[in-house]
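Hi everyone, thanks for making the time. Let me put the sequence and the model up on the screen, and then we can walk through a few spots together.

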Amino acid sequence: MALYAAYASNMDPEQMARRAPHSPLRGTGWLQGWRLTFGGQDVGWDGALATVVEDPDEHVFVVLYDVPAWDEQELDAWEGAALGVYRKIRVRVQTLDGDVLCWMYVLDDYEGGLPSARYLGILADAAEAAGAPDDYVKGLRTRPCKSLGEPPA
């Protein structure tokens with residue numbers, strides 16, 4: 001099994017239990033030197049999609065799951081990896097037990113655009129469900145976003 005680092009809606013343990021039922025939660029950590037951002041507004045259903053980009057001054061809260069190959073294939077389908085929406089990379093995540101090597105999805109598109117208010121709420125709820133610090137959840141809830149029905153910028 002390989003550790004998967006979730007930073008978006010898959011932080012929610014209940015959602016992951018539905019999408020990858022054989023993938024137990026193994027803990028949480030921080031992706032140091034990366035920041036959460038959004039991009040691919042043209043491929044998103046109602047706005048830009050979550051991704052991470054390298055940034056030496058930032059960090060991203062992640063939830064770690066132990067994912068077997070058969071669940072990884074299911075996640076690939078959910079995340080649009082076969083369609084080229086997201087691709088997988090390997091990263092080091094800092095945990096209370098030390099650094100661990102994980103894989104994660106990153107958007108295979110440009111950075112930019114705003115997520116919908118609905119999508120941002122889903123991410124904040126997922127972070128809260130996973131036990132993210134209050135200030136991290138608040139930061140998600142107060143990020144700039146767009147309301148559904150707004151034309152793309």
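Let's begin with a question: does D76 count as buried, partly exposed or exposed, and at what relative accessibility? D76 counts as buried, because its relative accessibility is 17%. Buried here means under 20% relative accessible area and exposed means over 50%, with partly exposed in between, using a 1.4 Å probe and protein chains only.

Some housekeeping before we go on. This is a predicted model, so local features need pLDDT of at least 70 and side-chain atom pairs count only at pLDDT 80 or more, while totals for chains, interfaces and linings use all residues. Residues are numbered from 1 along each chain as its sequence is written, and side-chain values use heavy atoms, with hydrogens and water left out.

Now, salt bridges. Side chains of opposite charge can pair when their charged atoms come close. We call it a salt bridge when a side-chain nitrogen of Lys or Arg is within 4 Å of a carboxyl oxygen of Asp or Glu. The structure holds ten of them.

Back to D76: its side chain meets that of K88 in a salt bridge, at 3.0 Å from N to O. D76 lies in helix α2 and K88 in strand β4, residues 86–95, so this pair ties together parts that are twelve residues apart in sequence. Helices (H or I, at least four residues) and strands (E, at least two) are DSSP runs, numbered from the N terminus. K88 counts as partly exposed, at 34% relative accessibility.

Next is E79, which forms a salt bridge with R19, and there the closest N and O atoms are 3.4 Å apart. That pair links distant parts of the chain, with E79 in helix α2 and R19 in helix α1 (residues 13–19), 60 residues apart. E79 is buried, with a relative accessible area of 15%, and R19 counts as buried at 15% as well.

D108 sits in the loop between β5 (98–107) and α3 (117–129), R87 is in strand β4, and 21 residues separate them. D108 counts as partly exposed at 45%, and R87 is partly exposed at 40%. Elsewhere, salt bridges that share partners join R35, D55 and E111 into one network.

So which charged residue is buried yet has no salt bridge? That would be D71, and the nearest side chain of opposite charge, R26, is 11 Å away. For charge, Lys and Arg count as positive and Asp and Glu as negative, while His and the chain ends are not counted. D71 lies in helix α2, residues 69–79, and its side chain reaches the backbone nitrogen of H22 at 2.7 Å. Leaving aside neighbours within four places in sequence, D71 is in contact (heavy atoms within 4.5 Å) with A20, P21, H22 and S23.

Let's also visit A5, in strand β1, residues 2–6. A5 counts as buried, at 1% relative accessibility. Not counting residues up to four places away in sequence, A5 touches V62, V63, L64, V93, C102, W103 and M104. From A5 to G47 is 42 residues in sequence and 23 Å in space, C-alpha to C-alpha.

How values were computed. A polar contact is a pair of N or O atoms within 3.5 Å; within protein, one must be able to donate a hydrogen and the other to accept it, and residues adjacent in sequence count only if both atoms are side-chain atoms.
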